[in-house]
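Student: I would like to take a close look at one part of a structure. Could you please guide me through that part with care?

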Amino acid sequence: MRVLIAFLLGLAGSLAFGWWGFPQLLYQREPQPLQYNHKIHIEKGSMECSSCHEVAADGQFAGIPRTASCGACHAEPLGKTEAEKILVTSYVAPERELDWKVYSRQPMNVRFSHAVHVNKAAMKCEECHGGRGSATAAEPFYRNRVTGESRNVWGPRMIRVGLKPGEGMKMSDCESCHEQKGVSAGCLGCHR
Amino acid sequence: MSATQKTSRTPRRYGMVIDLDRCTGCGACVIACAAENNVAPGAARENDRNSISLLRVFTLNNPTAAGRRTAFLPMMCMQCEHETPCVTVCPQQAVELDVLSGIVEQMPQRCLGCRYCMTACPYHARSFNWGDPSWPAGMEATLNPAVAPRMRGVVEKCDFCQSRLHAAQDAAAVNGSLDPGIYTPACVEACPTQAITFGDWNDPEGALAKSGETFAWLEGLGTQPKVRYRSGQNWLHEMAERGGAAPAKEERHG
């Protein structure tokens, strides 16, 4: 009996370390430079994802917009929040870029074509980015201390089961979608 | 590709025709290739055998003609189509012949560095990364962001500027197509005498189809290279059959 209790305690301890402790050690928390509210831009500003994150005419995806495009609306503070004041005085007026940490940033040997997925395949942003566009706050960025990559690449939980869209951006996640849709891109279709 | 896989991309067979009578051996293609593909400058220890060279220009001398002639032979991965030697030998499936572009693709992440493919390649068109690439301070700013540098211990080779194919595909996708069409690899763009023609062998109206009579280097091997040459000089045709080796003695005196 005592042996069994010791075993169960050991097992529970190991699982707790693996599922809770290890991620704490593995990931480094990095705050975003500014609180950004996606929801308010979409609802009050009646904007779309592509209003800021646009695919250019030559098919190149702009990713995070530059401060200049924020300044198109935010030349003067549009609200009374502290973040608004910081945006205008510290970034828009002196034309400084914001050091956003990109949740979905992939390793450099990965090529992802927004033009192919959005323009050609008519996929919705949410299919990969989940509810990012309706978030009210910029949640902290977690960087893998070993690889330097974003935690969003692996997904929020150590166990990769029951992942919702936007959770997990590993190669296997790309592959499973490609398999479902019966589209093959070869190796160098997505690698470079 | 299995029957269940579908694609709206036109299957292409990208290839080149290099006019040896036009090549002046200037080496602009070599420089353009290295700059485009983030090939680091050679370290002091590097020589012809252990450096990274995706594209090389050889000097060919005609040993038989009374009037000695010299020609230059740009040589990169020949994108062999039939029983592609590097694909056949790779134990890692790190090399594959892409069915949609006809390009022989090399995946550095899968490569274990055994260099069997380098032995198998009849054209010595593959290079091994004996060390991690390093650039002089400040030169990192000139790197091409669309090409990932290769790490120590893997083989690399010409892939017809895959990053440019990607860019062409992105531009096509905006207009609702997945066909990158005919893009321009860096060496083709850099050649001052326009000796290199890039195109699609599947296109009967294309530039390759119109390039007249062409020959492959070491055609007798039967690997069906998609990079072919043309020249009006007979001795180059003969040399291509021998792979650049001097003719056998009896032949030379006979």
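Student: Which residues of helix 6 (residues 234-242) of chain B are buried?

Tutor: Please note at the outset that this is a predicted model. In helix 6 of chain B, which spans residues 234-242, the buried residues are B:Leu236, B:Met239 and B:Ala240. Viewed down the axis of helix 6 of chain B, these buried residues fall within an arc of 105 degrees, so they line one face of the helix. The spacing can be understood from a general rule: an α-helix has 3.6 residues a turn, so residues three or four places apart point the same way. The buried residues of helix 6 of chain B are covered by elements that include strand 2 (56-61), strand 3 (70-75) and strand 9 (227-230) of chain B. After helix 6 of chain B comes B:Gly243, which has a positive phi, near 70 degrees.

The loop between strand 3 and helix 2 (85-89) of chain B contains B:Glu83. This residue is not a glycine, yet the phi of B:Glu83 is positive, near 45 degrees. B:Glu83 is exposed, because 12 other C-beta atoms lie within 10 Å, and a residue counts as exposed at 12 or fewer. With 10 other C-beta atoms within 10 Å, B:Gln93 is exposed.

Note on methods. Residues are numbered from 1 along each chain as its sequence is written. Chains are lettered from A and ligands numbered from 1 in the order in which they are written. This is a predicted model: local features need pLDDT of at least 70, side-chain atom pairs count only at pLDDT 80 or more; totals for chains, interfaces and linings use all residues. A residue is buried if 20 or more other C-beta atoms lie within 10 Å of its own, exposed if 12 or fewer, and partly exposed in between; C-beta atoms are placed from the backbone. Helices (H or I, at least four residues) and strands (E, at least two) are DSSP runs, numbered from the N terminus. The arc is that of the directions from the helix axis to the C-beta atoms. Two residues are in contact if their C-beta atoms, placed from the backbone, lie within 7 Å.
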